[in-house]
Amino acid sequence: MSEIFFQGFWRMDWGLGNPNKTAALIAILMVAVWSLGFLRNWLFWVSLVLFSALGICLVHTFSRGGMVAALCGLIPLLVCLRRPLPMKRIVGIVAAFWLIIGASISLQAHERYGKGVVQEDRSISNRFVLWKAAPTMMVDAPGGWGFGQSGKAYMDWYQPLDRNESYRTLVNSHLTWLVEFSWLGRFLYIFGWLAVLLLCLPTQGNRWLAVPLGIWISLFIGAWFSSVGESVWLWIVPAVALVWVIVWRLANRAWPETKLLFLPPSLAAASLLCLALIVPHSPVTKRGKALAIGHGIPSIWVVADQVVLGKSFPRPLRDALAKNPQLSCGIVESIDDLPDNAASALIFSGKLEPTKSDVIERKLKSVKLLTLVNPSFLPAEFPIPKGAASRIAIGEFSQLASASDWAPVAKIETLVGIGDFVPNWATALLSAADSGKEMDR
């Protein structure tokens, strides 16, 4: 059970652990219950009672995104409403909405709904900052940032350096997945949504299709305001509704017009093409597991170990490059991911993954200046390129057992006041590597 509160009121979560996920599920159910009304006329009143009860539960989640999702999901039903509607049904619908409004006032939920409209709400403004970065993140990473990596990628490479909010996702299921997917995955994702909405589009004489359409619209809107799409519970009702639609269309051979079938792939391709052409690249470029920051070909490559350089090692790098825009740097987290013959200056930190010596020799063939930072391996395990200048940087308080073994191999530079972790590593190491590279030239 969630222990999230607003104004002293418990935010209902139905055991999902997140009121926003619960709100999105309730919004979907508020649309789905109206399917009963299409089965029998008298079931309209059952739908209305269930709708009212779910509406009060929705208010109890205090979720603004869930409320918007419910309202948007009801639009197809209102458009396809049989007219004229009997007066007693109009009275019943109005009474249901007033009941929900009354619950909102009683729980003071209207105060939360008003935030962001009449006054600034950090919850909303922070979302806008996140979402603004998403198009650039897509363009910078044609192959995607990797599943589950959108939040970390944002914090590492795009979050303003004066902000430190922690994010797991982009607080938007659609943008989160679009950033994590490759261009092909992005196309299939957008195409899939458009195809589903087209299949559920009501036609004359088939007003009931408004229910599946409203369900999918609710899911889409709910997933826009929070990362609720990761909950499998939210997809059960939409999946059942879609199967219902497909079975009906197969049985009745009632498919959308042929010209409409070209819309989903065309719109998906056009939207991504516009994105690629309009959104400018940032200084960040990701290709596979290698990432480059700065302008032009990286002048220095870094094999980053999170124990030595920290889990947020990109932020000191961004700060250093902002102070010296002429630098460009490539980053990998394993020497296996280092491009062949790419580095003339290389900074290698921490441990050495099990790698064949011939692989290391090939990767380091063009290295002229090598910097090893707190190396946790022996010199014999790491063949230093012939003719390369090398230096070993070891923290004054480092606990590395191999520190003494490096003394006969290269000059040891002691990092004063530092242990195994090197804070603000980029400022000193990058400038030294760049200076050494220039001298070598």
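Residues are numbered from 1 along each chain as its sequence is written, and side-chain values use heavy atoms, with hydrogens and water left out. Because the model is predicted, local features need pLDDT of at least 70 and side-chain atom pairs count only at pLDDT 80 or more, while totals for chains, interfaces and linings use all residues.

Start with helix α9, residues 173-180. Helices (H or I, at least four residues) and strands (E, at least two) are DSSP runs, numbered from the N terminus. In α9, 8 of the 8 residues are buried, so the helix is largely enclosed by the rest of the structure. Buried means under 20% relative accessible area (1.4 Å probe, protein chains only). Trp177 and Glu180 are among these buried residues. They pack against α7 (122-140), α8 (150-157), α10 (183-199), α11 (210-225) and α12 (233-252).

Next, find leucine 415 in strand β10, residues 411-415. Leucine 415 has 11% relative accessibility, so it counts as buried. Glycine 395 is 20 residues away from leucine 415 in sequence, yet their C-alpha atoms are 4.5 Å apart. Leaving out residues up to four places away in sequence, leucine 415 is in contact (heavy atoms within 4.5 Å) with Ala393, Ile394, Gly395, Glu396 and Val422.

Last, the cysteines. The structure has 0 disulfides, a disulfide being a pair of cysteine sulfur atoms within 2.5 Å. For cysteine 80, the closest cysteine sulfur belongs to cysteine 200 and is 12 Å away, which is too far for a bond. Cysteine 80 counts as buried because its relative accessibility is 17%.

Conventions:
Buried means under 20% relative accessible area, exposed over 50%, partly exposed in between (1.4 Å probe, protein chains only).
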